[in-house]
Every structure is written in C-alpha cells, then in structure tokens.
Amino acid sequence: MKKRIITVDDSASVRQMVSFTLREAGYEVTEAENGLQALQKLKEAPADMVITDLNMPVMDGIDLIKNIRTDSSNKFVPIIMLTTESQETRKLEGKRAGATGWIVKPFKAEQLVAVAQKVLK
Amino acid sequence: MKSEHLQMFYEEAGELIQKLELSLIDLEKTPDDKEIVAETFRALHTIKGSSGMFGFDGISGFTHDIENVFDKIRNNEIIVSKKIIDLTLEAIDQIKLMLNDNEDKDKTRLISEAYKELADEVPGSVVQNGRGSVEDKNTTGELKKLITYKIEFEPNPDIFSFGTNPLSLIDELKS
C-alpha cells in the first residue's frame, strides 16, 4: 500500500510541484492550501507524513504543527517544514512545536524525495 | 520541471502581483491596517518562495529585500509611508519585467539598495524618529537619493529677549 503524504502550501505552483515529485516517487499525495485544510484532510484519513509551508493564511504552519501534536490520533505523524534561509526564528518555533525536520526552499526534487524516503523507510 | 508547472507558476505570480497592487492601493488609504500589511507580506513571501523553486533566483532575491521591509512593518519597526508604497509599486513593475525576461538591472539594483537602507533603519524611524533614508522618484522617473534627518532644537527659554526669531533659523535650515 502506498504511503500517504499531505503537502500544505498556499502557493499552488509549489504544491503542484511537490505533489508531482512525490507521486512520481510512488507516494499518494493529498494537497492542502493552509493548516486548517490540512487538519480536515487528516481527519478524513490518516497520513504517514505531513510536509508544510510556514507562512500561510487562515492557519499557518506553526499552528498546524501544534494542532497535530495535540491530536491523539495523529500525534506521532512526521512533519517536515518547508522554510527559507531567512526564517531561522520560525524554524526554531516549528521545532519547538514538534516538527520532525525541515527542508530549505528552494530545494531540488531529489532532495525532497530523499527526505521522504528517509522519514518513511 | 514540466512546462505545465512553469505555466502554473506564471499564472500564480500574475495573480499575486495583481493582489499586491490592490493591497498597496488599500494600504495607502489605511496605512495602519495590519491585515493588509499581513496580506502584502504573505504575497511577497509566496512570490519569493515560488520564484526560487522555479529557478527565478533574481526575482527571489529581489523580493526578499522587499519582504524584509514588510516584515519590519509587520513587526511595527517601520511605519508605512507613501515612499514605501511608491517604491513597492515600482518594484512590482520590475518583477513583471523580470518575469518577461526584460529586467532593467540598474533599476532593480537601485530599488534593492533602497529597500536594504529602509530595512537597516532604526526601529520606528523613516521620518519620525531619527535619520531616515529612502529612494525617491523624480519627475523624469529616475531614482534619486532623499535623506531625512531628525534635528532636535531646544532653544534657550529667553531666546526672544535677544531678538532672535527661531522661525528664521528653521527657514535657513530648510534652504
């Protein structure tokens, strides 16, 4: 059975690129535009990993991580943050909130797949 | 990268640019509106992130400089001024040109420098508190340097007894 990944980003183009890359690598991917949508998708079906941007409207990545970590059914799902070089403070906030790791934007498709394979092996 | 992904990037960038322009017009009317500042910041952040992902490093770096200033506005370290709005509208025009591979590199550099100077300002500055420095556009559309100084003037309480008119001192300073 394919592993399921939820990718959360308010940028449709980045979301599409991430989804395409992960689907090509053999994963099932669900897209969400913000943290709240991601929580709804998680309620509908559990995920094996969440990849989230940090700055998003409605619910940002940090609040999403906090919400996931306090939800008993998804408490231990690995969460990877997509950050930029300038977001050092936000990265630390995300780590404190319970993120598993991060990928710095811009990243290459191979990097993304390597992280997914490492986390989901 | 597939061409459909690139197409999606162009479409999204176009929409975000349009959104940015509208936000800036609103911000000019209500410069204290935190929600508009947050929307502007997010649009810039998304343009920066997606352009980096799609290999438009020039746009990503340029937008980073603008984003820095709006991050400071978001954190109340800089106040919104007409100059910032005008500079940002001009920067958006540059981003459009960059997307069409028709960038005016000198102008991009000048605008970037202006944002860097703004970002380096003392918190709460620009005009009110301390020395501010921004780029301004003259009538020919060229960028020229405009520097604002804070001058503290505390005259002696009996200044008028000596026949001095403090207003003429200010007029002299102005000239």
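I looked up the largest cavity, and its lining is A:Asp9, A:Asp10, A:Ser11, A:Val14, A:Asp53, A:Lys105, B:His45, B:Thr46, B:Gly49 and B:Ser50. The model is predicted, so I note that local features need pLDDT of at least 70 and side-chain atom pairs count only at pLDDT 80 or more, while totals for chains, interfaces and linings use all residues. Residues are numbered from 1 along each chain as its sequence is written, chains are lettered from A and ligands numbered from 1 in the order in which they are written, and side-chain values use heavy atoms, with hydrogens and water left out.

A cavity, on a 1 Å grid over the protein atoms alone, is a set of points where a 1.4 Å probe fits but cannot get out; a pocket is an open set with protein on both sides within 12 Å along at least five of seven lines; lining residues have an atom within 4 Å of a point.

**Cavity**

I found one cavity of 30 Å³ or more. Its volume is about 30 Å³ (the space filled by probe spheres set on the points, with grid points joined across faces, edges and corners). Helix 2 of chain B gives the largest share of the lining, four residues (helices are DSSP runs of H or I, at least four residues, numbered from the N terminus). I sorted the lining by class and got one nonpolar, five polar and four charged residues (nonpolar: Ala, Val, Leu, Ile, Met, Phe, Trp, Tyr, Cys and Pro; charged: Asp, Glu, Lys and Arg; polar: the others, Gly among them).

**Largest pocket**

I read a volume of about 350 Å³ for the largest pocket. It has 18 lining residues, and A:Asp10, A:Ser11, B:Glu12, B:Leu16 and B:Lys19 are the closest to its centre. Helix 1 of chain B supplies the largest share, six residues. The classes are six nonpolar, three polar and nine charged.

**Second largest pocket**

I read about 270 Å³ here. Of 17 lining residues, A:Met17, A:Phe107, A:Lys108, A:Ala109 and B:Met53 are the closest to the centre. Helix 1 of chain A gives the most, four residues. The lining has 10 nonpolar, four polar and three charged residues.

**Helix 3 of chain B**

I checked residues 57–74: this helix has 18 residues and reaches 25 Å from first C-alpha to last, close to the 26 Å expected (1.5 Å times one less than the number of residues). Among its buried residues are B:Phe62, B:Ile66 and B:Ile73 (buried: under 20% relative accessible area, 1.4 Å probe, protein chains only). Just after the helix, B:Asn76 takes a positive phi of about 60°.

Conventions. Helices (H or I, at least four residues) and strands (E, at least two) are DSSP runs, numbered from the N terminus. Buried means under 20% relative accessible area, exposed over 50%, partly exposed in between (1.4 Å probe, protein chains only).
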